[in-house]
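Please keep the 3D view open as you go.

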Amino acid sequence: MRKSRIAGLGSYVPERIVTNDDLKQWVDTSDEWIQERTGIKQRHWVPDGGGIGSSDLGCEASKRALADAGLEPKDIQMIIFATLSPDHMFPGTGVFLQRKLGVPAGTAALDVRQQCTGFIYGLSVADQFIRTGMYDRILLVGAEVHSSGLDRSTRGRDVTVIFGDGAGAAVITPADEESQIISTHLHADGNFAEDLWLEYPSSKEHPQCGVEQISGDHTRHFPKMKGRQVFKHAVPKMAEAVFEALAKNGVSLADLKMLIPHQANLRINEYVAKQVLGLPDEKCFNNIDHVGNTTAASIPLALDECRRLGKVQKGDLVCLAAFGAGFTWGSALLRL
Ligand code: ACO
């Protein structure tokens, strides 16, 4: 069966930079607390006031990925859009991207949720469609606008300081001699669904979106995280996913050029890379310090930056690994 590869990469973050000190206008926090716990110094947010959604950021990243692949919107046969911050509850954000980017009407568009693991799930879906021969050119996007949905008050500070807005995109085509997606590995455990979630709006409520539920002291429309629980599960699950990808393909950590982990938190990634895997610093790429945690966008943003810095290039053995809400986790091993 034929394989697939990443034929183009692109990323985009909004111009507005929000430093840790900037957050103090809403939240009782400190640069020291945030850096020590998360490694984040700044993140990018869209301007306040609305009007810019995940599809807009995804569109900019997609233009760059298409240019990198030497393709045009008309060449795309399927869009896969991973986000936990969709433009709207429905329809999926992929159709808004299709219209904005000028991908022809009639082209397939699929949304993937899976939060921080969204890009890896999307990569796996794209890989399957290429392997079966159904499509030859798929646009995979991970994009988030978190800033409009965060609790900008001290009660939500554990979550609010972590997240940034951004987008990354990849064009997936059949493999060539140097480059291929070797394998993908996907997992989920719904026993922890409420440990990292956005409860509301909800189809289990009547009305699904009521004024009462979002006013006063109610906070169900803001994301919630049991931080220690996330830390406790993220470290072993990300490491397991890396080992799974290596074992499946009979390669070792020494063969890896680079690990690109989801940028959840620098402490999680350092723990996984140094303590569990024993990787030297130069084999694990992190950019969370300047972009924050961008969930589904984080891996393509990091991979694109890592490649632009010349730290990885075509043909290099790269492992992607993620852990996120659900809980979901997974990995992908590829020759870039
Ligand atoms: N600034 C200042 N103080 C804060 C902040 C903040 N932004 N947030 C929380 N605090 C306070 C708390 O209120 C608490 O104060 P108290 O002792 O007076 O009650 C104190 O700091 C310690 O709070 P804890 O929640 O116990 O802090 P902890 O040391 O566990 O660190 C953290 C919290 C950083 C979230 C940690 O649990 C962690 O790293 N978890 C991993 C979660 C993560 O990184 N998620 C990323 C997003 S999910 C994903 O992408 C998979």
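**A ligand between two domains**

Domain 1 (4-176) and domain 2 (181-196 + 225-335) both contribute residues to the shell around the ligand, so the ligand lies between them; the domain bounds come from an automatic or database domain assignment. This is a predicted model, in which local features need pLDDT of at least 70, side-chain atom pairs count only at pLDDT 80 or more, and totals for chains, interfaces and linings use all residues. Residues are numbered from 1 along each chain as its sequence is written, and side-chain values use heavy atoms, with hydrogens and water left out.

**The shell around the ligand**

- Thr 29, Arg 228, His 262, Asn 265 and Asn 293 come nearest among the 22 residues around the ligand (a residue is near if one of its heavy atoms lies within 4 Å).
- The shell is made up of eleven nonpolar, six polar and five charged residues, with Gly counted as polar and Trp, Tyr, Cys and Pro among the nonpolar ones.
- With four residues, α7 gives the most to this shell (helices, H or I, are DSSP runs of at least four residues, numbered from the N terminus).

**Polar contacts** (pairs of N or O atoms within 3.5 Å)

- Asn 293 has a polar side-chain atom 2.8 Å from an oxygen atom of the ligand.
- A polar backbone atom of Gly 227 lies 2.9 Å from a ligand nitrogen atom.

- The C-alpha centres of domain 1 and domain 2 are 17 Å apart.
- Their contact (heavy atoms within 4.5 Å) takes 50 residues from domain 1 and 44 residues from domain 2.

Definitions and conventions
Polar contact = N/O pair within 3.5 Å; in protein donor to acceptor, adjacent residues only side chain to side chain. Helix = DSSP H or I, 4+ residues; strand = E, 2+ residues; numbered from the N terminus.
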